[in-house]
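Me: Please show me the sequence and the model. I will ask about them one point at a time.

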Amino acid sequence: MTAAVPAVATADVARRFAVPAVTTADPGLVWLAVAAIGLGTFAIRLSFLLVLERVSVPPLAERALALVPAAVLSALVAPTLVVADGGPAVWGNDRLLAGAVATVVAWYTEDILATIVAGMGALLVLQALL
Amino acid sequence: MTAREDFAAGVRTVAPVLVGIVPFGLVAGAAAVGAGLSVAHAVGLSVLVFAGASQLATIELVDAGASLGVVLLTALVINARMVMYSASIAPHLADEPLRWRLPEAYLLTDQAYALSVVRFARDEAVSRRWFYLGCAVTLWVVWQVCTVLGAALGARVPPWLPLEFAVPLSFLAILVPAVEGRAGAAAAAVGAGVAVLGAGLPYNAGLLAGASAGILAGLLVEAWAA
């Protein structure tokens with residue numbers, strides 16, 4: 001025969017062991033989350049800056065690290081230009097066209113402000129036209 | 001060049017990037033307060049975390065009442081790309097004493113990292129410490145001021161001006177002149193393609209997959225050409 005577990009006791013156990021939800025109703029828990037994210041992010045940033053003085057970098061790793069800016073920046077930028085409404089879009093995509101204009105300007109001027117102005121200007125014009 | 005001149009060179013280099021950082025910081029402050037967080041929470045996020053995309057994700061998740069584990073995991077996975085920045089900039093800062101590397105690590109961002117390593121690759125003479133800090137400290141000050149303003153006053157950016165487009169455009173502006181040789185072009189092309197295909201994946205996996213695939217593609221092109 002199995003003993004029925006009183007409903008009150010189950011609810012109590014659920015409360016006691018439930019993963020806490022971070023909500024604005026609990027400012028202390030929000031601070032805990034903010035502090036933990038801050039600490040974790042600092043650890044991520046510090047990682048190789050802490051250990052690299054002690055290990056010599058093998059040539060292959062050195063070549064891989066030299067490719068980081070091109071690989072990461074393009075992976076950051078491309079979805080903001082190509083992905084619209086949840087999927088890749090090429091035709092009728094204002095941002096992709098504006099990004100193409102900005103790429104040409106960046107190539108010829110190597111000037112950050114000129115690239116931003118050209119890209120935003122192109123987007124405004126395209127949005128007004130289409 | 002003196003320390004002061006190299007710091008000033010960093011400030012001048014990062015200045016145009018601020019066109020994207022100012023509205024982003026205002027939005028980060030305003031979004032926190034809009035989600036019911038206090039101004040102190042908004043400033044705490046900007047000071048302790050200092051990484052815009054993960055701050056906005058945290059605010060959204062707190063607004064939705066997500067569990068502590070999900071909030072932590074999401075924010076840290078968004079920031080995981082900075083492991084690559086840490087590794088890539090470390091050879092330039094390896095001679096720095098630890099008391100300098102700690103604040104330099106705290107100040108590491110997409111923009112300060114990318115602008116610095118691109119400059120270092122072309123300029124042997126510039127002081128690594130002072131050029132980097134010129135970029136990084138400027139970004140930090142502007143980010144904090146804008147978060148406070150956004151939290152206190154709201155983000156009043158003109159709706160017709162696509163200011164959120166300025167951040168990706170500034171990445172594009174740093175990226176395009178920095179792509180050198182076939183290996184660099186392959187890294188950029190494959191990184192972009194894989195990131196687009198993986199854009200819908202949870203936990204920022206598309207970005208990490210794109211960056212890793214891009215690096216691998218660049219190495220393969222180098223090996224094939226050699």
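Reply: Two terms come up throughout. Buried means under 20% relative accessible area, exposed over 50%, and partly exposed in between (1.4 Å probe, protein chains only). Helices (H or I, at least four residues) and strands (E, at least two) are DSSP runs, numbered from the N terminus. This is a predicted model, in which local features need pLDDT of at least 70 and side-chain atom pairs count only at pLDDT 80 or more, while totals for chains, interfaces and linings use all residues. Residues are numbered from 1 along each chain as its sequence is written, chains are lettered from A and ligands numbered from 1 in the order in which they are written, and side-chain values use heavy atoms, with hydrogens and water left out.

Me: What pattern does chain A follow along the sequence?
Reply: Chain A has six helices and two strands. Of its 130 residues, 36% count as buried. Read along the sequence, the pattern is α-α-α-α-β-β-α-α.

Me: How much area do chain A and chain B bury between them?
Reply: Buried area is the accessible area (1.4 Å probe) that two parts lose on being put together, summed over both. The contact takes 67 residues from chain A and 89 residues from chain B. Carbon and sulfur atoms carry 81% of the buried area. The total is about 6600 Å².

Me: How many salt bridges are there between chain A and chain B?
Reply: Side chains of opposite charge can pair when their charged atoms come close. A salt bridge is a side-chain nitrogen of Lys or Arg within 4 Å of a carboxyl oxygen of Asp or Glu. One pair that meets this rule is B:Glu222 and A:Arg63, at 3.0 Å from N to O. Between chain A and chain B the count is three.

Me: Which helix supplies the largest share of the side of chain A that touches chain B?
Reply: Among the helices of chain A that each supply at least two residues of this side are helix H2 (27–51), helix H3 (59–66) and helix H4 (68–82). The largest share is 21 residues, and it comes from H2(A).

Me: How many residues of the side of chain A that touches chain B are nonpolar?
Reply: Ala, Val, Leu, Ile, Met, Phe, Trp, Tyr, Cys and Pro count as nonpolar, Asp, Glu, Lys and Arg as charged, and the others, Gly among them, as polar. On this side, 12 residues are polar and five are charged. The nonpolar residues number 50.

Me: How many residues apart are B:Asp110 and B:Arg81?
Reply: B:Asp110 forms a salt bridge with B:Arg81, with the closest N and O atoms 2.8 Å apart. B:Asp110 is in helix H8 (residues 110–122) of chain B, and B:Arg81 is in the loop between helix H5 (68–78) and helix H6 (82–93) of chain B. Both B:Asp110 and B:Arg81 are buried. The pair links distant parts of the chain, and the separation is 29 residues.

Me: Is B:Glu180 buried or exposed?
Reply: The side chains of B:Glu180 and B:Arg122 meet in a salt bridge of 3.8 Å, N to O. The two are 58 residues apart. B:Arg122, at 47% relative accessibility, counts as partly exposed. B:Glu180 has a relative accessible area of 53%, so it is exposed.

Me: Which residues do salt bridges that share partners join into one network?
Reply: The B:Arg122 and B:Glu180 pair belongs to this network. One further residue comes from chain A. The network consists of A:Glu110, B:Arg122 and B:Glu180.

Me: Why does B:Leu139 count as buried?
Reply: B:Leu139 lies in helix H9 of chain B. Among the residues it touches, not counting those up to four places away in sequence, are B:Val14, B:Phe50 and B:Ala112. B:Leu139 is buried because its relative accessible area is 4%.

Conventions:
Contact = heavy atoms within 4.5 Å.
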